[in-house]
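Biologist: I have a structure open and would like to go through it piece by piece. Can we start with a turn and work outwards?

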Amino acid sequence: MPTNETLYTNKVFQAAALPLLKVIATDVPSLHKQFKGVDAIYQVSAMADGEKHAVHFHVENGEWTKVCLEPYSGDGKIDAELAFSSMEKMNAFMKGDMLKLPAFKIGNLKKFVLFMQVLLKMSSLLNMEEPPEDETTQVLLCKLYFYLLSSGISALNKMGEPKISEWVKASPDRCYQWSVEGFPETTAYLRIKEGRSKAGRGAYPRAKPFFTMKFDTPKSALLILLDIGDMFDMTANSQLIMEGGPEFGVQIGDMMMHVGGYAK
């Protein structure tokens, strides 16, 4: 039986990290071009107590149209699946342990190769230790991290992860947002209220966020996201702008680090 830490870690990967494959396949021109005209079903799964836990993807005419946080049960054929015999093995693989390989179930070799290219691209991006030089990749990486963190916090809250669920239960209706000035495509938000949570992409549409963690450039954002920048110095230099009470910036920063801890 998986430990709670194993379950929480796997939830971060399945509900927050793996869905980023759609973003990467869409936003990286060289990958998007290769999917032209492709129809496919992809899946990544892990077994736990005899039950399959999975995320699967639908690609229709080259566009990644659906990300579903459940095993595929349709009538179509899965073109490529990474099937792990346990959550522990999947977690280790996602953290870079290449000895914990899954079973590769290949329904279509060409489509399998395309899927692996997207997986490898995600791995190379999320394993960067310093901000990349080109701005386009910086923007993409900011988007990936903002999406991962907002979705990860919400997914763990819904599982009842103690630290995050306690924070959400104690909160009135509030929306936290992440953004980079001049790059609205990177924006993501998290709405919480008395135990409930919802992650979203783009600016929160209903009202001004309660708190926004805003950065002056994509590179500044990555200095914080990659944990190599000094938050106090960057705030003093207006590289990091906290729109809202600083104490709430500390709270959301703590939740970000907590999610990151499961993924490392």
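Modeller: Start at the hairpin of strand 2 and strand 3, which has two residues between the strands. Asn61 takes a positive phi there, near 50°. Keep in mind that this is a predicted model.

Biologist: How do strand 2 and strand 3 pair, and over how many bridges?

Modeller: Strand 2, residues 51-60, pairs with strand 3 in the antiparallel sense, over five bridges.

Biologist: Which residue in strand 3 is the bridge partner of His58?

Modeller: The partner of His58 is Lys66. Phe57, in turn, stands opposite Val67 in strand 3.

Biologist: What holds paired strands together in general?

Modeller: Strands of a sheet pair through backbone hydrogen bonds, and they do so either parallel or antiparallel.

Biologist: What is the order of the strands in the open sheet?

Modeller: Five strands form the open sheet, in the order 3-2-1-4-5, with mixed pairing. Strand 3 (63-68) and strand 5 stand at the edges; each has a single partner strand, so one side of each is left without a neighbour in the sheet.

Biologist: What does the twist average from one strand to the next?

Modeller: The average is 15°.

Biologist: Which strands does helix 2 lie across?

Modeller: Helix 2, residues 20-27, lies across strand 2 and strand 3. It runs at about 175° to strand 3.

Biologist: Now helix 4. Which of its residues are buried?

Modeller: The buried ones are Met87, Met90, Asn91, Ala92 and Phe93.

Biologist: And what covers them?

Modeller: The cover includes helix 1 (4-17), strand 1 (40-48), strand 2 and strand 4 (80-84). Just after helix 4 comes Gly96, which takes a positive phi of about 110°.

Biologist: Which residues other than glycine have a positive phi near 60°?

Modeller: Asp227 is one of them, with phi near 60°. It sits in the loop between helix 8 (218-225) and helix 9 (231-236). Ser238 also has a positive phi near 60°, and its place is the loop between helix 9 and strand 10 (240-243).

Biologist: How do Asp227 and Ser238 count for accessibility?

Modeller: Asp227 has 54% relative accessibility, so it counts as exposed. Ser238 is at 46%, which means it counts as partly exposed. The cut-off for exposed is over 50%.

Biologist: Changing topic: which residues form the nonpolar patch on the surface?

Modeller: Leu101, Phe104, Ile106, Leu109 and Val113 form it, and together they have about 460 Å² of accessible area. Strand 5 (103-106) and helix 5 (109-126) are the elements that give two or more residues to the patch. Leu101 lies in the loop between helix 4 (87-94) and strand 5.

Biologist: How many salt bridges are there?

Modeller: The count comes to seven. One of them joins the side chains of Lys111 and Asp79, at 3.8 Å from N to O.

Biologist: Where do Lys111 and Asp79 lie?

Modeller: Lys111 is in helix 5 and Asp79 is in the loop between strand 3 and strand 4, so the pair ties together parts that are 32 residues apart in sequence.

Biologist: Are Lys111 and Asp79 buried or exposed?

Modeller: Lys111 is buried, and Asp79 is buried as well.

Biologist: What does Arg191 form with Asp173?

Modeller: Arg191 forms a salt bridge with Asp173, and the closest N and O atoms are 2.6 Å apart. Arg191 is in strand 7 (residues 188-193), while Asp173 is in the loop between helix 7 (162-169) and strand 6 (174-180). The pair is 18 residues apart and links distant parts of the chain.

Biologist: How do Arg191 and Asp173 count for accessibility?

Modeller: Arg191 counts as partly exposed, at 24% relative accessibility. Asp173 counts as partly exposed too, at 39%.

Biologist: One last pair. Where do Lys214 and Glu243 lie?

Modeller: Lys214 is in strand 9 (residues 211-215) and Glu243 is in strand 10, 29 residues apart. Their side chains meet in a salt bridge at 2.8 Å, N to O.

Biologist: Why does Lys214 count as buried?

Modeller: Its relative accessibility is 19%, and buried means under 20%. Glu243 is partly exposed, with a relative accessible area of 32%.

Technical notes
Residues numbered from 1 in each chain as written. Predicted model: local features only at pLDDT ≥ 70, side-chain atom pairs only at ≥ 80, totals over all residues. Heavy atoms only, no water. Helix = DSSP H or I, 4+ residues; strand = E, 2+ residues; numbered from the N terminus. Buried < 20%, exposed > 50% of the residue type's maximum accessible area, 1.4 Å probe, protein only. Patch = residues over 30% accessible without salt bridge, like charges linked within 9 Å, V, L, I, M, F, W, Y side chains within 5 Å. Areas by Shrake-Rupley, 256 points an atom, 1.4 Å probe, with all protein chains shown as cover. Salt bridge = Lys/Arg side-chain N within 4 Å of Asp/Glu carboxyl O. Pairing = 2+ DSSP bridges. Axes fitted to C-alpha atoms, helices over the stretch in contact; angles between N-to-C directions. Contact = heavy atoms within 4.5 Å.
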